[in-house]
Amino acid sequence: MTMTIKMVNRTIEEKILLAVTAAAILILSPFLIISVFEHNHLRTLIDLVAVGGISVIFIGVWFTSRVKLFSGLFAIIAHVNILFGIYIVDSDLIFWLFPIIIASFYLLPTFIACLLNALLISIAGVLTYQQFDEFSLPLILASLIVTGIFSLIFSIFMQRKNRQLSEKDKISQLRNNILELIASASKLSKVLSAVVEGIENELPRAMCSISLLDDTGKQLRLAAAPSLPGFYIEAIDLVNIDDGTGTCTQSVTLSRRIIVTDIARHPNWLPLAHLAKQAKLVSCWSEPIISHHGNVLGTIAIYFDRPTKPTDNEINLIEQFVNLTRIAIERDKADNIIWHQANFDNLTNLPNRHLLHEHLTNAVVNAERDNKQLVIAMLDLDNFKDVNDSLGHGAGDYVLIECANRIKSTIRRNDIVARLGGDEFIIAFVGTSVPEDINKIGEKLLSTLAQPYIIDHKNVYCTASIGLAFYPNDALTIEELLRNADQAMYRAKSRGRNSIHYFTENMSTDFLKRMEIMRDLRIAVEQKQFYMVYQPIVNLTTSRITKAEALIRWQHPQKGLISPLEFIQIAEEIGLIVELSEWIFNEVTQQVDIWRKQYCPDLTISINTSPVQYKNNGAQINAWADSLILRDIPCEAISLEITEHLLMENQLEAVEALDKVRLHGMSVAIDDFGTGYSSFAYLKDFDFDYLKIDQRFVQNMSADNKDTALCEAIIAMATKLKMSVIAEGIETEQQKQLLIQAGCTFGQGYLFAKPLSAANFEALLIEQTRNDSIIVG
């Protein structure tokens, strides 16, 4: 096993010499044994010297690998031993000269082999001229000379072939080394330097440079030129293609090889001729580097200190290195593209979440080192969904790109901006210590982003909400900073949007509470921890109950009753509102079907709806109308309540869905009227059956105050638009009378009843039915 390993690791020369010496030992050993048995002492001595000497050579090569030394020693031993044998033993040994002459040309340098062989043949002739007749000896000597000549010719031929193979092997090794650099994703500069070094090694007295075309395709920039003088490198570092200076610009323009044998006399070289002369550059070959798509990537220039033209072999060599250079450049470009796609947002070209994390990691380290603050701003566009839904995703993409450009133009040079996805952006204000600076930048951001976006010659407005968190005051890790900034941004949205909000400790508490509600809400939906209550809506003139608003309640097993204000919005955010609304619809329709059949045939129960339910073209709302028809429940039994906020977020989908269900007989009420900035615009553009005056106007009503005047105006307007009015939050008889005088039809509030359980509301209907019977009777 050890011998196998040693042979595998040896050079071909070692293996050949070991094989030859081993074969010689095997061939000569029998002769040694025979001479011993024949008691031929002289022959035994000669054979012993031959076998012993060759064995020493074999052992020496095996343990030292010194091939040249032992090759020469082997040849000398063979020459001396054969001459000694011829002189002492027998002239017939002269025939051993043939293999020795042939072997000597392999074992020794050519000149020494010729010299020793000539000496060997001469001495052998002198020693044997008396043992052979006058015809045999000349014939033998002539054969030896011819063998020597042919061996010399063959040796020269093999040496030339070996040199060629060696050159090819050397080129292959260079090629493999360069390919290995490319495969290992080494820097392009390192690969190009290796290419230049390889060309200069293969072309004697050559100096090489590689220049690459820039992104504009108008300039060549020097990428590698280790052997050229510094002053010349400075002159050709950046060359305009249109100038036509030198050989490289012409090679790039024509996309072919350009050869200039005399730089001093070539017209293209006039601007650089004095520098070329100073650098001792006489001729230049320029080879374009062309991509596999046919585009020029750059050029390789090879300079010489003498007039010269390339041979076919040199052209072939240069083309090989050009191909390697092309592979390196294209690999580098591909790596850059992959890296860019992995780290930058394709739409806005801003850093993405991955690269942002790297930037923030460095920013935190620097802030800690310099004892400065780092501010993280979470920016989210307000009502961006409206742009996508109403104008299309192309318009939305334009807004995002323009928003990114506006942010970059507003923040400082060292600040970082990235896009997380959707309409969310992160800004890191680096090295900031004065809060006033952040306020100024933040206000400038709000003002800049609030400017109209011009889409199809129309002004589109899309403001932003910004949340801020400070390192190290608000958090010590990147994840906590981002989370806290997100909470602050959410607070900015909930407080009117188009504003900036700073993170506070209360937000962290609120966030944990929200997370807890989210978790409990999922369990509540599974375990049906909800129940419905119904608040009567009374006809103010007759005091009859023909309507009611269905309200959901959550009875938590440990925390008790949880207000809808705490969980409805969260249910919308996490997508549970659809499942919750489906449960509400089933509960309410079962009850209203019973109550209409038994107590109040014209009873209508209103259900509050969420913007989420109008997605997918209002599929859930349309399914409700189909369900009522299928179950033979009049669609008039259900009324849908919507808010202005719902219309703002799902305008087109909501209106289309509501128009469909109204055709089936389901009524629609706009809730909390008067609290939105464009309520009147909605009344003008869309059809509603009921208008509910927000309780904030009703609760402050008194004779001759502004709230009363507003309510009167709303009621008058609704009457003109053929809508019935429901006043919410009626708590006093005075409010009721003022509303009756203003012409309001329906009222809802604690004056009539609080939200009642299904059993209590049913009892109210039973009492009303009994009173109606008494009046009729």
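A search of the whole structure finds 15 aromatic pairs, where rings of Phe, Tyr and Trp (its six-membered ring) pair if their centres lie within 6.5 Å. One of them is stacked, because the ring centres of F58 and W62 are 6.2 Å apart and their planes stand at 15 degrees; planes under 30 degrees apart count as stacked, over 60 as edge-to-face and the rest as tilted. The model is predicted, and local features need pLDDT of at least 70, side-chain atom pairs pLDDT 80 or more, while totals for chains, interfaces and linings use all residues. Residues are numbered from 1 along each chain as its sequence is written, and side-chain values use heavy atoms, leaving out hydrogens and water.

F58 and W62 both belong to helix α3 (residues 41-64), 4 residues apart, about one turn of the helix. Helices (H or I, at least four residues) and strands (E, at least two) are DSSP runs, numbered from the N terminus. With a relative accessible area of 26%, F58 is partly exposed, whereas W62, at 13%, is buried; buried means under 20% relative accessible area, exposed over 50%, partly exposed in between (1.4 Å probe, protein chains only).

Y534 and W595 form an edge-to-face pair, 5.1 Å centre to centre with 80 degrees between the planes. This pair links distant parts of the chain, with Y534 in strand β14 (residues 530-539) and W595 in helix α20 (residues 577-598), 61 residues apart. Both Y534 and W595 are buried. Elsewhere, ring pairs join F530, W554, F567 and W583 into a cluster.
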